Amino acid sequence: MNIIIVGCGKVGEALAEQLNENGNDITVVDIDSDRVEYIVNKHDVLGVVGNGATHATLEEARSEDADLLIAVTGSDELNLLCCLIAQKAGNCQVIARVRNPEYSSEASYLKRELELAMVINPEQAAAAEMTRILRFPSAIKIETFARGKIELLKFILPEDSPLVGCTVKEITTKLHCDVLVCTVERDDEVYIANGDLLFRKRDVISIIASPQNANRFFHKINYVADSVKDVMIVGGGEISYYLCQMLTRVGIRTTIIEKNQARCDELSIQLPETLVIHGDAADQEILLEEGLETVDAFAALTNLDEENILLSLFAKSRSKAKLITKINRIDFDEVIKSLTLDTIIYPKSVTCESIIRYVRAMKNSLNSNIETLYHIIKGKVEAAEFFIRHDNALTGTPLYQLRFRPNVLIAGILRDNAVITPKGQDVIQPGDSVIVVSKDLVLNDITDILRD
């Protein structure tokens with residue numbers, strides 16, 4: 001696909017890198033010539049210096065040949081204008097990043113009236129991911145497939161877990177749980193799970209199951225699976241605003257600590273059911289006075305990564321709360337991961353993944369049958385949902401007879417709204433939704449998982 005990306009910030013660069021790796025032809029556009037040159041040289045893509053909201057610049061970027069334009073500049077208005085002009089100039093599909101809550105509340109109207117393929121709000125998307133986690137705090141990450149009927153959950157195995165020392169296949173024989181282990185992360189290594197793999201303490205495990213079966217599994221291994229009842233949030237930014245809205249709807253009590261008095265006054269009006277406290281959370285006494293030691297969950301959502309990390313480490317030392325830490329920079333994710341801070345949310349990554357899922361889904365019209373795509377481990381392992389429209393090389397044959405490529409796992413099948421945990425005798429049929437976990441492979445069609 002020919003894709004134009006307007007805006008060469010962190011999100012624009014990440015999109016250029018990943019979409020280019022997926023075999024698309026990428027052109028980046030920005031008024032900053034140094035930034036354009038840097039991305040062109042680093043990621044081997046085309047670049048145009050100029051205002052992406054002008055016809056002349058888009059013409060230079062060959063918008064008439066583009067399949068998709070993605071506008072991710074720092075201005076909502078500029079992004080929307082880029083999309084309008086691109087549609088007139090080239091009749092391509094368009095995606096706009098829109099962050100202002102006033103626009104986000106009208107996202108469906110904008111999408112319909114401006115004929116946008118997608119409107120993405122990073123803060124709202126990040127808040128939605130946090131909400132899923134807080135409703136199921138056992139996990140550090142949750143992704144959904146098959147319209148929510150199948151979930152992929154990632155969690156850290158506690159040192160005292162009954163699973164330590166067991167093999168993957170013993171989950172079925174000993175615990176009688178209908179879940180499928182996809183991956184195990186251990187000491188910077190990633191393993192696609194097989195039946196003989198032994199669990200060790202502090203393993204990061206990804207499983208796929210229906211929500212009900214996941215609940216049973218976590219209860220059987222003595223892992224907390226109940227939704228949290230109250231959350232302490234530090235920082236009164238847009239993510240906190242969206243998060244409180246979402247949590248209030250599902251009956252979770254919220255408290256915000258914000259050091260700017262004017263922002264506190266705004267939030268008190270906008271969020272009448274949230275307790276808003278004026279104070280500096282860097283003062284540990286304020287956190288303790290407001291109940292840090294007894295709260296079910298703690299979310300550090302200030303605009304400073306360093307402060308969020310320190311706040312979460314302090315919360316970890318003084319409570320058993322579920323921790324959520326917002327990180328804006330994506331450069332040091334390996335270092336931050338080593339701090340074991342429960343769930344870390346990167347709003348920029350959430351934005352990139354949402355857009356990339358849409359791009360991969362667009363290829364349905366280009367002989368791809370991918371419905372949904374998630375990165376389980378960035379750059380290493382992905383989970384893709386395929387819809388089987390007709391007979392192909394996989395259908396009608398028991399799974400154990402198929403010759404799969406290395407590091408490929410059939411992780412789940414949805415048939416007639418029933419979730420099937422795949423076993424060797426199962427057969428894929430037209431009409432199924434099939435989830436495939438793969439390592440070091442870029443899949444466009446489900447038949448790509450078979451050996452040549």
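1. Basis. The model is predicted: local features need pLDDT of at least 70, side-chain atom pairs count only at pLDDT 80 or more, and totals for chains, interfaces and linings use all residues. Residues are numbered from 1 along each chain as its sequence is written, and side-chain values use heavy atoms, with hydrogens and water left out.

2. Salt bridges overall. The whole structure holds 16 salt bridges. The criterion is a side-chain nitrogen of Lys or Arg within 4 Å of a carboxyl oxygen of Asp or Glu.

3. Arg35 and Glu13. Their side chains form a salt bridge at 2.7 Å, N to O. Arg35 sits in helix α2 (residues 33-43) and Glu13 in helix α1 (residues 10-21), so the pair ties together parts 22 residues apart in sequence. Helices are DSSP runs of H or I with at least four residues, strands are runs of E with at least two, and both are numbered from the N terminus. Glu13 is buried at 8% relative accessibility. Arg35 is partly exposed at 22%. Buried means under 20% relative accessible area, exposed over 50%, and partly exposed in between (1.4 Å probe, protein chains only). Lys42 joins Glu13 and Arg35 in a network of salt bridges.

4. Arg263 and Glu266. This salt bridge spans 2.8 Å, N to O. Both residues belong to helix α11 (residues 261-270); they are three residues apart, and therefore separated by about one helical turn. Arg263 is buried at 15%, while Glu266 is partly exposed at 39%.

5. Glu293 and Arg318. The closest N and O atoms of this salt bridge are 3.3 Å apart. Glu293 lies in the loop between α12 and β15 and Arg318 in helix α13, so the pair links parts 25 residues apart in sequence. Glu293 is partly exposed at 44%. Arg318 is partly exposed at 35%.

6. Lys154. This residue is in strand β8 (residues 150-156). Lys154 is buried, at 8% relative accessible area. Its side chain makes a 3.1 Å polar contact with that of Glu185. A polar contact is a pair of N or O atoms within 3.5 Å; within protein, one must be able to donate a hydrogen and the other to accept it, and residues adjacent in sequence count only if both atoms are side-chain atoms.

7. Surface patches. Leu310, Leu313 and Leu339 make a nonpolar patch with about 250 Å² of accessible area together. Patch members have over 30% relative accessible area and no salt bridge; like charges are joined within 9 Å, nonpolar side chains (Val, Leu, Ile, Met, Phe, Trp, Tyr) within 5 Å. Areas come from the Shrake-Rupley method with a 1.4 Å probe. Leu310, in helix α13 (residues 305-318), is exposed at 59%.
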